[in-house]
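Morning, everyone. I'll take confidence first, then the cores, then the salt bridges. Please have the model open.

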Amino acid sequence: KVGHLVKNLNSTNVGLERLAAFLNNIPFAGDELQAIKNRYTDFSELIYQLTQGEGKSRGTVDGGIQEQLKWSNLFLTTGEEPITSVYSKEGVKNRVIEVEENELIVENGHQAAMFLNENYGDAGRDFIENLPSTEYLIQRHAELFEKINRGSGKQANALALILLADEIVSKQIFHDTPLTVQQISKYHTEDIDEADRIYELIVDYFYRNINKFSENSNTEYWGGYEEDREGNIKTFFFIPSVLRDFLKENGISFDGIKDKLFSHGYVKKDNKGKYTILKRVGSRVMRGIEFNIIGEDKQFNMDDLPF
């Protein structure tokens, strides 16, 4: 019920921490992410805040330290859009399991809601009183984890927990067939590589604004690019402030990701190990950040562009 275990997320950070600590290890159900959308560039800050399991250290008026709030529960949120975005960091993605379902789940939603309201709490008591032994739970969770794990350990751990809970509920309460590893695997984000994801964003940004990388640009000038003998773009070159501003707008720090980009071969260094390279671009000599085009070759003819 909204106002009971289901809470509106439109609360202060301190309020959310206190509610999470009060629930301790009971699931935190937060309704309607849209209610707080105007407070966040994206929801990464909220995800980190809730999933770290402890509140901020705060002082008291007499110079002491308040008791630090702690919790160990899972968080359920609803919304009309995903809680993560293409710009979300690896740590955020691995803390979230996103479920989008566009098909009918319950045939008679009103009847189901009435039944749950009238029998609220009964199934939970039965579930707790008939839990298997701790030894069995640990062993079975480990088995499911091994079947699911494909490199993203945090997600595999959570998905294994969901499967284990569903096994118990299906046996004790619903008397039906539990979820399988195959059914839940579509919600498992494959090994998320932050460098790959950010590189793709940068390449996409370059191609969407390719007219600004030409000396003939009649608007802004953002850098340049080089082609091979076949006319394929092999490298592109950003004026540092342009690239950093784009990444900053999307919550990404170039300094925080540059070493990973280099290790993947995406970005270049000069002979002194600096990421800003002195380079001639057309008739200009400037310092900038240079990227390699890796993967499928893309050809562009400037005469064919519609601008």
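One term before we start: pLDDT is the predictor's confidence in each residue, from 0 to 100. We need it because this is a predicted model. The chain has a mean pLDDT of 85. Of its residues, 92% reach 70 or more. Where in the chain is confidence lowest, and where highest? Strand 1, residues 6-8, is lowest, at a mean of 80. Helix 6, residues 134-148, is highest, at 94. Now look at residues 297-307. Over that stretch the pLDDT is below 50. The model still gives the stretch 18 contacts beyond near neighbours in sequence. Where pLDDT is low, predicted coordinates should not be read in detail.

Next, the cores. Nonpolar side chains tend to be buried together in soluble globular proteins. The largest nonpolar core here has 30 residues. Which members touch the most others? They are Ile202, Phe206, Phe236, Phe238, Leu261 and Phe291. Helix 9, strand 5, helix 10, helix 11 and strand 7 each give two or more residues to this core. Helix 9 supplies the largest share, 9 residues. Take Ile202. Leaving aside residues up to four places away in sequence, Ile202 touches Phe236, Phe238, Leu243, Phe246, Leu247, Leu261 and Phe291. There is also a second, separate core of 17 residues. Its members include Leu16, Tyr40, Ile47 and Trp71.

Leu5 sits in the segment before strand 1. Its relative accessible area is 36%, so Leu5 is partly exposed.

Now salt bridges. The count is 13. Start with Glu194. Arg197 bridges to Glu194, with the closest N and O atoms 3.9 Å apart. The two are 3 residues apart in helix 9, so about one helical turn separates them. Both Arg197 and Glu194 are buried. Glu194 also pairs with Lys260, at 3.6 Å, N to O. That pair links distant parts of the chain: Lys260 is in helix 11, Glu194 in helix 9, 66 residues apart. Buried or partly exposed, what is Lys260? Partly exposed, at 38% relative accessible area. Glu194 is at 13%, so it counts as buried.

Last one. Lys279 and Glu226 form a salt bridge, the closest N and O atoms being 2.9 Å apart. Lys279 lies in strand 6 and Glu226 in strand 4, so the pair ties together parts 53 residues apart in sequence. Shared partners join Glu226, Lys268, Lys279 and Glu290 into one salt-bridge network.

Terms used. Residues are numbered from 1 along each chain as its sequence is written. Side-chain values use heavy atoms; hydrogens and water are left out. A nonpolar core is a set of buried Ala, Val, Leu, Ile, Met, Phe, Trp, Tyr and Cys residues joined through side-chain atoms within 4.5 Å. Buried means under 20% relative accessible area, exposed over 50%, partly exposed in between (1.4 Å probe, protein chains only). Helices (H or I, at least four residues) and strands (E, at least two) are DSSP runs, numbered from the N terminus. Contact means heavy atoms within 4.5 Å. A salt bridge is a side-chain nitrogen of Lys or Arg within 4 Å of a carboxyl oxygen of Asp or Glu.
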